[in-house]
Amino acid sequence: MLGFIYRLQAAGIPVSIQYVLELYKALQRGLAADLDQLFLLARLIFVKRVEHLDVFEQVFASFFLGRPPGSRLPNWEELLADKPFEEWLRQQLETGQIDLNTIREFDHEELLRRFRETLLAQRGEHHGGHTWVGTGGRSPFGHGGREGGGVRVYGRGLYGTAQRVIDRRNYLNYRDRSLLSAENLRQVLASLKSLRPVGPPTELDVDETIAQTARNGGEIELVFRRELRNRTHLKVLLDNGGYSMTPYLALVKTVFNHIHDLFRDVTFYYFHNCIYGEVYLDPPRTQPVVWDKFLGDSRYSRLLIIGDANMAPAELMAAYGSLGRATTERKPGREWLQDLKQAYPVSVWLNPITKARWDYESPTIRMIQQIFQMEDLTLGGIKQAVAYLNLRGLAFERS
Amino acid sequence: MHFEGTDRYYLNPELREIVNLAIALEKPLLLMGEAGTGKTRLAFEVARSLGLKMEEARCKSTFKGEELCYVYDTVLRLNDSRFGSGETGRNVNNIWDYLSFGPIGRAFLADDRRILLLDEIDKTDSDTQDNLLDVLEERSFIIREINHKVAARHAPILIITSNAKRELSDPFLRRCFCHHIPFPPPEEMTLIVRLHFPELDAGFVEACLTSFYRLREQGFEKPPATAELLDWLGALKVSGAGGPGAGRELRHAGTLLKRAQDILKFRGVHRRDRF
């Protein structure tokens, strides 16, 4: 039975000790008389979200019925953002099998082919699970990617900035459930508050009522006030384009999910690298939001920008710097960002790159820091960001 | 204590097992799924089948959680202290005369085991949900005004429903048994219909179900669900129609489609022709 539980965990279903105890308690009481009942019981205990249902059924079938794990279609985006690939690439670079200059000449097909070859060659060491190995060379990355030094595959962008990371449909969907759990994060985010009186005055102000009644010579004078409720309106801008964000995918996913679960009044917008008067409602960036509309109605909103602030300096400073190949946008990115800051006085930029490395990573980080308060995407950084937002918000709402 | 279906409610065998497991292990049962799939109905049927009394709490977005446990009527007490409680028998010096209990309080204080239904929990704030679960897990709450602890005499059987309009938080999910009620397939639906309208002709029912499932597939904003289907069949029966009608001539389509947009789409009115 424990083997089954570990298999579940390995398949990505969050398992807590409490669940295991529950399961054993139920087994002890004879609540799983046959396989069907065991299936239901285990499902009730372990599956808390619909998304996990499918995986659970597969694991159950393979463990108890001996069926081979179903072959699911590989997700190339995840693969490229995935650890094995990253490690492989690092290893290859270190051992000199691929050197930095040739890597820029490769396109994805080529890189993936080499990756697969390595994996197949050392298959003995890989204990199953990599179902995507050998599923053929279908690549979703249809672009040639050689322009201006190649598409940045080796994520962190340590080797200079790809001039144009172009494929517009090449996006990362942060909304996918992440397996990382960060319990404390939830508490930190929950402290982001904006208490505001709402609705008609219905709450009895007991202290004031007593004071007024006493002043009134004992004639009861009821005093009502409006209720204070947390009405934080949160807008989140996510950089979901390009490979520079790829290494931080898991991290951003976690934060995204927590924000999503926690706030009732939250809207997500997406942008690519830098903002040029347009943000998008959907991850593939097909539904633009009119800039004026985005800026309007902003005084009481809190704005979180999540992005690595790592771009070509030209994107920020130069006219026509936008990554869109046929851009007609003259205004440099910096001015757009300044407009944004002006419209959203209560805003913070969250950077997945750790604070200590900001100066090395990119000069643009510092430039953006001059516009936005910037914190990194660690628990501490988010704590500070939330504190900053609360403080700014308070000061701003009083004025 | 074992729950079986009732004469008025078709119970999927899987769901029956799940309800019984939740009762046996004393875990809250969280039911999710489309509106109109009988989530709330199930709680009533469990109560009826087990012969237990039920306390329902229909959640509203303004709930803070405490009012489901108890309400302290300050205004009434102030009023009584000024004008006297008169014939009512209330004693201004006794706070208990001014406390009234909500569904959770009543379920805790009852002398028998009760079913406690928290309907549409997803309407409330996530703070409220967490507070509620603390109360329900510890089976006690404190009346703040007098620091008095109310503990449950019998653990209520807890059924929670959610339309999943918004995701529930992880700690919340962790404490519940979660079950997603899928939409019943045609075979099951036939059984459900048979329970409600035993007198209807089998061929007639089949024709209606065919139109119904076809309608569901058309991607309406609010696809018709079981509750709508039963309404529709009722309407067809009362009006004495010989069949469901076809295409746009579907009889009593208003009972199946509720949203104006869906109805317009069904009638084939294009967006720009509306004005």
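How many helices and strands does the secondary structure of chain B come to? The count is 11 helices and nine strands, where helices (H or I, at least four residues) and strands (E, at least two) are DSSP runs numbered from the N terminus. Keep in mind that this is a predicted model, in which local features need pLDDT of at least 70, side-chain atom pairs count only at pLDDT 80 or more, and totals for chains, interfaces and linings use all residues. Residues are numbered from 1 along each chain as its sequence is written, while chains are lettered from A and ligands numbered from 1 in the order in which they are written.

**The two chains overall**

- Chain A has 17 helices and nine strands.
- Of the 399 residues in chain A, 30% are buried; a residue is buried if 20 or more other C-beta atoms lie within 10 Å of its own, exposed if 12 or fewer, and partly exposed in between, with C-beta atoms placed from the backbone.
- Chain B has 275 residues, and buried ones make up 30% of them.
- Take the contacts in chain A between residues at least 6 apart in sequence: 70% of them join residues at least 24 apart. Two residues are in contact if their C-beta atoms, placed from the backbone, lie within 7 Å.
- In chain B, residues 24 or more positions apart account for 74% of the contacts with a separation of 6 or more.

**Where the chains meet**

- Chain A puts 21 residues into the contact, and chain B puts in 22.
- On the chain A side, the elements giving two or more residues are helix H2 (17-28), helix H3 (35-46) and helix H11 (249-262) of chain A.
- H3(A) gives the largest share of that side, four residues.
- By class, the chain A side splits into 12 nonpolar, three polar and six charged residues. Here Ala, Val, Leu, Ile, Met, Phe, Trp, Tyr, Cys and Pro count as nonpolar, Asp, Glu, Lys and Arg as charged, and the others, Gly among them, as polar.

**A sheet in chain B**

- Five strands of chain B form an open sheet with parallel pairing, in the order S2-S5-S8-S1-S9. Two strands pair if DSSP finds at least two bridges between them.
- Strand S2 (54-58) and strand S9 (177-180) of chain B each have a single partner strand, so one side of each has no neighbour in the sheet.
- On average, neighbouring strands of this sheet are turned by 20 degrees against each other, direction ignored.
- S2(B) runs parallel to strand S5 (residues 115-119) of chain B, and five bridges join them.
- Glu56(B) sits opposite Leu117(B) in S5(B).
- Helix H2 (residues 39-50) of chain B lies across strand S1 (29-32), S2, S5 and strand S8 (157-162) of chain B, running at about 170 degrees to S5(B). Axes are lines fitted to C-alpha atoms, for helices over the stretch in contact, and angles run from 0 to 180 degrees between N-to-C directions.

**A helix pair in chain A**

- Helix H1 (residues 2-10) and helix H4 (residues 53-64) of chain A pack at about 145 degrees, with their axes 10 Å apart.
- H1(A) brings Phe4(A), Arg7(A) and Leu8(A) to the contact, and H4(A) brings Phe56(A), Val59(A) and Phe63(A).
- That contact has five nonpolar, no polar and one charged residues.

**A look at Phe396(A)**

- Phe396(A) is found in helix H17 (residues 379-398) of chain A.
- Phe396(A) is exposed, because 12 other C-beta atoms lie within 10 Å.
- Leaving out residues up to four places away in sequence, Phe396(A) touches Pro345(A) and Val346(A).
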